[in-house]
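Subject: Handover of a structure and the findings on it

Dear colleague,

Please find below the structure that I am passing on to you. The findings follow directly after it.

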Amino acid sequence: MKRSTPLKAKSSAEDYEEQGVSISRKRQRTKPTTSESNEKNKAHIPDEKSIKKIRQELKDRLSERVIPAKLIGLEDEYATLYDILNRTVSMGESNSCLILGGAGTGKTTIVRKAIKELTSLHGDNFFCIDLSGFIQTNDRLALQEISRQLSLQPQLEGQIFHSFADSLIYILNLLKSGNKDTSKPIIFILDEFDLFTQHNKQALLYNLFDVSQDNQAPVAIIGMTRRLDALFLLEKRVKSRFSHRQIHLYSAENFKTFTEIAKNFLRLDNDIEEVDSIYRQHFNERVEELFEETSFSRTVRHIFDSSKGIRGFINLCFGPIARLSAVKPFLLSSDFAEYLIQKQINAKIEIIKGITELELCLLVAIQHINLQQTPTFNFCMVYEEYKNFMNDLAVKGKSMRMRKWDAALKSFEHLVLMELVIPVEGAMKSRKEYRMMRVLLEPNEIFEAVSSHKDCPLVLKNWSQSSRL
Ligand SMILES: Nc1ncnc2c1ncn2[C@@H]1O[C@H](COP(=O)(O)OP(=O)(O)OP(=O)(O)O)[C@@H](O)[C@H]1O
Ligand SMILES: [Mg+2]
């Protein structure tokens, strides 16, 4: 008897989640420790100023204005980058390096962290120039930005430049005029590096790499890009001046690391000023507990399985962080669940809301085909399933208008256009009726879409429901 109670609680909790009902009650059932800690948390009432401060800190992280204190799994890459930059700042050595990696793999984070650490050690004994290929779309804009950030405008005011090349040469000569001992080191950070390679004759890159190779003025040129083939975008004469140092960053290799990065994103550091320390401690404890909750950890797992990108998790945090207030001083898994349901699942259902009755029928036919352990299908199979359903209806004396092959094929093509159904690899070679496809909706999502569709006949709802039994 003692064993049956927790087992029952677990299965009903799973059903509960499947039905998309509020997860907060589930948390209370499956995780008694949460209520204990809530009691503990309630005992200490945080002041509004601390809550505001923490909300602001997390919002700044969301908008990537500040970086979390810890780097997870990037220690070696960070050490390599720090070494390159430190050699420029402390020993006047010039260098260049490319940081390559997908979106959200930590390129900007390691660079920002290294600059922060160097600034705390060397103060303003070096310059840091930030450029972005998205903003400085040509070399003239890039040069203006360099002179603005170096505060060179006063020197440039009296000068008359007849061409872009003249002004570039003037600024570069200013850079080159010093030597290793007298010049202030400059770190150039080129975000979206690949876009700089599209500039006319790659003049800026050529000249920057040239300065770094000359080793006259101490400069470090750090390019960041998602394009793994960035090196091949460089012209030969530019490439030959580049040091060929590359740092590769990868997405979290397993779920444990992914969870650690996500947790680290929400965890508060001790160096946040003017925050009630007991509240901060409780907040961090609550974050730990959040990741132990089954429903929350399933959501994180879903993000990891579908994209492996930490940005998916970060996007999920916007709603819950914005809602932190005196009445809700901690992050709750129910907030995340609600936000996820609103944000992701509804997005697909919104698309389906506008589709026709015939298209809905085809989706349910696909749902039935998938149920027979057949993940891929073609139009012929879907139409056959649809026809069988219609014949069954006729036998039972219920009616729904049976549509002809051509009309159904048109509707099927519309599903493909909306990318609810996509061709499998190599399928494009065959005729459209025989092209093998797969659906991008879960059976549950099809059911939800059918049940929430305003024109959906009852018989179709029942047909969709029957495939879930
Ligand atoms: N290994 C990690 N450790 C800690 N935080 C990380 C790690 N990887 C990513 N992050 C977090 O993910 C967020 C996105 O990382 P970042 O901005 O550095 O990505 P990126 O590689 O520059 O992406 P993009 O190519 O889109 O610019 C950052 O706010 C950072 O906090
Ligand atoms: Mg970046």
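Among contacts in the chain between residues at least 6 apart in sequence, 75% join residues at least 24 apart; two residues are in contact if their C-beta atoms, placed from the backbone, lie within 7 Å. The model is a predicted one, in which local features need pLDDT of at least 70 and side-chain atom pairs count only at pLDDT 80 or more, while totals for chains, interfaces and linings use all residues. Residues are numbered from 1 along each chain as its sequence is written, and chains are lettered from A and ligands numbered from 1 in the order in which they are written.

Overall composition

The chain holds 22 helices and 7 strands. These elements are DSSP runs numbered from the N terminus, with helices being H or I of at least four residues and strands being E of at least two. Of the 469 residues in the chain, 31% are buried. A residue is termed buried if 20 or more other C-beta atoms lie within 10 Å of its own, exposed if 12 or fewer, and partly exposed in between, with C-beta atoms placed from the backbone.

How many of the residues of strand β3 are buried? The count is 6 of the 6 residues in 186-191, so β3 is largely enclosed by the rest of the structure. In a regular strand the side chains alternate between the two faces of the sheet. In β3, Ile186, Phe188 and Leu190 point one way, Ile187, Ile189 and Asp191 point the other way, and all are buried.

Strand β3 pairs in the parallel sense with β2 (residues 127-132) over 6 bridges; two strands pair if DSSP finds at least two bridges between them. Asp130 has Ile189 of β3 as its bridge partner. Strand β3 also pairs in the parallel sense with β4 (residues 219-225), again over 6 bridges. Here Phe188 is partnered by Ile221 of β4, and Ile187 stands opposite Ala220.

Strand β4 is mostly covered as well, with 7 of its 7 residues buried. Val219, Ile221, Gly223 and Thr225 lie on one side and Ala220, Ile222 and Met224 on the other. A further parallel pairing over 6 bridges joins β4 to β1, where Ser96 stands opposite Ile221.

Nonpolar cores

In soluble globular proteins, nonpolar side chains tend to be buried together. A nonpolar core is here a set of buried Ala, Val, Leu, Ile, Met, Phe, Trp, Tyr and Cys residues joined through C-beta atoms within 7 Å. The largest such core has 41 residues, and those with the most contacts inside it are Leu85, Val111, Phe188, Leu190, Ile221 and Ile222. The elements that each supply at least two residues of this core include α5 (75-91), β1 (95-101), β3 and β4. Helix α11 gives the most, with 6 residues. Leaving aside its neighbours within four places in sequence, Phe188 is in contact with Ile129, Leu131, Leu208, Val219, Ile221 and Ile222. A second, separate core has 29 residues, among them Ile54, Phe283, Val300 and Leu340.

The shell around ligand 1 has 21 residues, of which Ala103, Gly106, Lys107, Thr108 and Thr109 come nearest; a residue is near a molecule if its C-beta atom, placed from the backbone, lies within 6 Å of it. Helices α6 (107-122) and α13 (255-266) are the elements that give two or more residues to this shell. Its residues divide into 9 nonpolar, 8 polar and 4 charged. In this division Ala, Val, Leu, Ile, Met, Phe, Trp, Tyr, Cys and Pro count as nonpolar, Asp, Glu, Lys and Arg as charged, and the others, Gly among them, as polar. Domain 1 (4-65 + 254-344) and domain 2 (75-249) both give residues to the shell, so ligand 1 lies between them. The domain bounds come from an automatic or database domain assignment.

Two loop residues

Most residues other than glycine have a negative phi. Glu192, in the loop between β3 and α10, has a positive phi of about 50 degrees although it is not a glycine. Glu192 is partly exposed, with 17 other C-beta atoms within 10 Å. Glu419, in the loop between α20 (405-417) and β6 (421-423), has a positive phi of about 60 degrees. Glu419 counts as exposed because it has 9 C-beta neighbours inside 10 Å.

With kind regards
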